[in-house]
Amino acid sequence: MSTEANPKSVAGGFSPREIVSELDRYIVGQAKAKRAVAVALRNRWRRQAVAPELRDEIMPKNIIMIGPTGVGKTEIARRLAKLAQAPFVKVEASKFTEVGYVGRDVESIIRDLAELAIAMVRDEQRARIEVRAREAAEERLIALLMQAQAAQLPAASSGRGPFVVSSHGTVQKPDALSSDPGALRAKLRAGALDDESVELELSDMGSPMVSIFGGGHGMDDMEMQLKDMLGQLPGMRGKKQRRNVKVKDARRLLEDEEAQKLIDMDAVKREAIERTEQAGIVFLDEIDKIAGSRAAQGPDVSREGVQRDLLPIVEGSTVNTKYGPIKTDHILFIAAGAFHVSSVSDLIPELQGRFPIRVELEPLETHDFVRILREPKNALTRQYAALLGAEGIELSFTDAAIEAIAEYAASANRRAENIGARRLHTVMEALLEELSFTASELSDRTIVLDAADVHRRLAPIMADQDLAKFIL
Ligand SMILES: Nc1ncnc2c1ncn2[C@@H]1O[C@H](COP(=O)(O)OP(=O)(O)OP(=O)(O)O)[C@@H](O)[C@H]1O
Ligand SMILES: [Mg+2]
């Protein structure tokens, strides 16, 4: 179960080229950034094959992605994480404030990562024991139903139990239930008993007193300890609760309870901690927002403070989580920022040193937009076509239409702020607003948008400076 035994679980065993081509399915261009993250991911996997003494010496080569807004930085990181099947968190660096100030402390990043790893490993384990849990739940449910029935029909057939034997010797069911486990099982599986009710005795897990502290996101040590303490108080945990529930709900509740019993939480914790330490990826977005020239006063003081707080985590330290201490030495950090006003050299030197790989993402041009509209699996044109497909409408775009849309997006980017591919969203929305509204009433079921349609809709908006600013 450990990542050592199965390095594939770290990076899916993809080669850098495979990783890049996987990213290509969603992100247009940005070859350099894709290569860098692909190598970083592959290095995780390579490291697992290295002898232990040296393995611990090999630190991840953290990456800074530099590029204007809306060119795919976040998208690359997000797709990478999916591919890696690694615990992955994305956080905005600007969300943190220096220790002692109001805001989140940076260690919560690692706690979130651990939380994710736990959920991940627990889900995997659960999938493994699902069948057993379902069977066990079914047995309990059948036993409960038979019990309920025995109680309901105490003297129905004079000492012979709840059987009613008809004149030609067949056993008849006295009511919806049957006391024959086999028949009960069949009915249960067919869903015929879904609306019957049974009385369940469940161990009370989510006691409200304990859960008032929220979902465990960004919990401080104090809260963590408090929660654990409360959980151990007599009467706070393990208390059994009797409840009357419908069979269909009972099945789910019992399955949950059986799954809890079958999952070894200690093993889950161990595996999750290992996976966080060895495979965790932290995406630090907006890193440029905490870089400030050191001469400046005011908020920059606290920005540098955040950098100083981040430093130990990026350099390697131990963070306490409710699942145990987590060493951050081998967690991969990918930072991203536009660096319009500041530059990487405005980060404190120690932090710069921990991000040895710098990749620049290129601004997107008209020809990129054409490809972005057409190629990715989740391309906007496909999304709109699928949405209108729900109305029974077949929407398509001519090549000229797509080129026209791309040109409008590019020129809107030139005229106002350059927001990269994000512009396509507003342009497409403006283009298809009318159609989206009337789609359900249209009699014409096949719609092909050509360049003329695009101009008719978008030219008036572009012509009006204020309108263009507002809509696009
Ligand atoms: N190269 C690209 N190929 C395909 N889609 C892209 C590309 N770049 C951006 N997009 C799309 O544009 C949107 C914004 O991209 P993303 O979130 O990656 O921007 P970003 O570079 O992180 O910008 P910011 O600096 O503002 O965070 C996403 O919906 C993404 O799908
Ligand atoms: Mg982003």
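Here is a walk through this structure, from the whole chain down to single residues.

What you're looking at is a predicted model, in which local features need pLDDT of at least 70 and side-chain atom pairs count only at pLDDT 80 or more, while totals for chains, interfaces and linings use all residues. Residues are numbered from 1 along each chain as its sequence is written, and chains are lettered from A and ligands numbered from 1 in the order in which they are written.

Let's start with the overall picture. Of its 472 residues, 32% are buried. Here a residue is buried if 20 or more other C-beta atoms lie within 10 Å of its own, exposed if 12 or fewer, and partly exposed in between, with C-beta atoms placed from the backbone. Two residues are in contact if their C-beta atoms, placed from the backbone, lie within 7 Å. Take the contacts between residues at least 6 apart in sequence, and 78% of them join residues at least 24 apart.

Now for the inside. In soluble globular proteins, nonpolar side chains tend to be buried together. A nonpolar core means a set of buried Ala, Val, Leu, Ile, Met, Phe, Trp, Tyr and Cys residues joined through C-beta atoms within 7 Å. The largest one has 84 residues, and V37, I334, F369 and I405 touch the most other members. Helix α16 (residues 399–415) gives this core its largest share, nine residues. A second, separate core has 10 residues, including A137, L145, L184 and L193.

Two strands pair if DSSP finds at least two bridges between them. Strand β1 (residues 63–66) runs parallel to strand β10 (residues 332–337), joined by four bridges, and I63 stands opposite I334 in β10. β1 also pairs in the parallel sense with strand β11 (residues 357–360), again over four bridges, with I64 opposite R358. Elsewhere, strands β8 (residues 318–321) and β9 (residues 324–327) pair in the antiparallel sense over four bridges. They form a hairpin with two residues between them, and V319 stands opposite I326 in β9.

Next, look at ligand 1. It is surrounded by 19 residues, of which T69, G72, K73, T74 and A421 are the closest; a residue is near a molecule if its C-beta atom, placed from the backbone, lies within 6 Å of it. Helix α5 (residues 73–84) supplies the largest share of this shell, three residues. α5 has 12 residues and reaches 17 Å from its first C-alpha to its last, close to the 16 Å expected at 1.5 Å a residue, where the expected span is 1.5 Å times one less than the number of residues. Its buried residues include K73, I76, L80 and A84. Just after α5, Q85 takes a positive phi of about 50°.

Finally, find M462 in helix α18 (residues 451–463). Why does M462 count as partly exposed? Because M462 has 18 C-beta neighbours inside 10 Å. Not counting residues up to four places away in sequence, M462 touches Y408 and A468.
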